[in-house]
Amino acid sequence: MDARQMKIKAAEAALAHIEDGMRLGIGTGSTAEEFVRLLAEKVADGLQVQGVPTSERTARLCLELGVPLKSLDELPELDLTIDGADEVDGELRLIKGGGGALLREKIVAAASSRMIVIADESKVVEMLGAFALPIEVNSFGLVATRIAIEKLAGRLGLTGDIQLRKSGEDSFTTDGGHHILDASFGRIPDAEALAIQLNSIPGVVEHGLFINLASFAIIAGETGARTLKAQ
């Protein structure tokens, strides 16, 4: 199977957990988009669900394919969120935000009773950090915020470049109007400590470490899909 086929396999397995009448958080990214396409087929066949999208991009795809949407204010408590991940370890800790939707993704995941991660085998890691950690930051005081993150990283023994994400010649802007710093730490031995201390920096809006949010992960590989639970 190629990469897209594996994403479809993971999305198909996640679809088996969808029940009629569910309030769904719908994630962002290439694997989540495969889930939206499959979900739309079920909706066309009569499945009743209400979805809360985690990005404007996901909202556009859902509307295009006929998946009914509500805002999180209209549905503040969700039954289930289906979303992808940039990395997932054996304890179901995640790095997310490669697509720039991490703030909304985390808000929606936290509002859900359960979160199922869908990914291919390439996203499974022994230790988080090979994928650059996205950190969503306020545009005001950006340089001061980056310096504070660099100092924090040093205290935790983390090294690597912290770069402002670009979109062409301009700074990338999230749906919430913020910027993203991508921190290439390589390895993050204590993700919990980093998550807590990043939250203490005033200019940090949110970060891409998702801890204690995923219920389980559906991982697709050459031989099909498997379920990954916390060890």
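Author: A crossing is left-handed if the near helix is turned anticlockwise from the far one by less than a right angle, and right-handed if clockwise. By that rule, α1 passes α2 in a right-handed crossing. The model is predicted: local features need pLDDT of at least 70 and side-chain atom pairs 80 or more, while totals for chains, interfaces and linings use all residues. Numbering starts from 1 along each chain as its sequence is written, and side-chain values use heavy atoms, without hydrogens or water.

Reader: What makes α1 oblique to α2?

Author: The angle does. The axes of α1 (residues 3-15) and α2 (residues 30-44) cross at roughly 50° and come within 8 Å. Under 35 degrees is roughly parallel, over 145 roughly antiparallel, 65 to 115 roughly perpendicular, and the rest oblique. The angle of roughly 50° falls in the rest, so α1 is oblique to α2. Axes are fitted to C-alpha atoms over the stretch in contact, with angles from 0 to 180 degrees between N-to-C directions. Helices are DSSP runs (H or I, at least four residues).

Reader: Which residues of α1 and α2 meet?

Author: From α1 come Arg4, Lys7, Ile8, Ala11, Glu12, Ala14 and Leu15. They meet Ser30, Thr31, Glu34, Phe35, Leu38, Leu39 and Lys42 of α2. Contact means heavy atoms within 4.5 Å. By class, this contact has seven nonpolar, two polar and five charged residues.

Reader: Why is α2 called roughly parallel to α3?

Author: α2 and α3 (residues 56-65) pack at about 20°, with axes 10 Å apart. That value is under 35 degrees, so the pair is roughly parallel. The crossing is right-handed. Glu33, Val36, Arg37 and Ala40 of α2 contact Arg57, Leu61, Cys62 and Leu65 of α3. Those residues divide into five nonpolar, no polar and three charged.

Reader: Why are α5 and α6 called roughly antiparallel?

Author: The axes of α5 (residues 142-155) and α6 (residues 191-198) cross at roughly 150° and come within 11 Å. That angle is over 145, so α5 and α6 are roughly antiparallel. Their crossing is right-handed. Ile149, Leu152 and Arg155 in α5 meet Leu194, Gln197 and Leu198 in α6. Four of the residues in this contact are nonpolar, one is polar and one is charged.

Reader: How do you know that lysine 106 lies over the face of phenylalanine 210?

Author: A charge sits over a ring if NZ of Lys or CZ of Arg is within 6 Å of the ring centre and within 35 degrees of the ring normal. Lysine 106 is 4.9 Å from the ring centre of phenylalanine 210. Arginine 165 lies over the face of phenylalanine 172, at 5.4 Å from the ring centre.

How values were computed
Helix = DSSP H or I, 4+ residues; strand = E, 2+ residues; numbered from the N terminus. Nonpolar A, V, L, I, M, F, W, Y, C, P; charged D, E, K, R; others polar.
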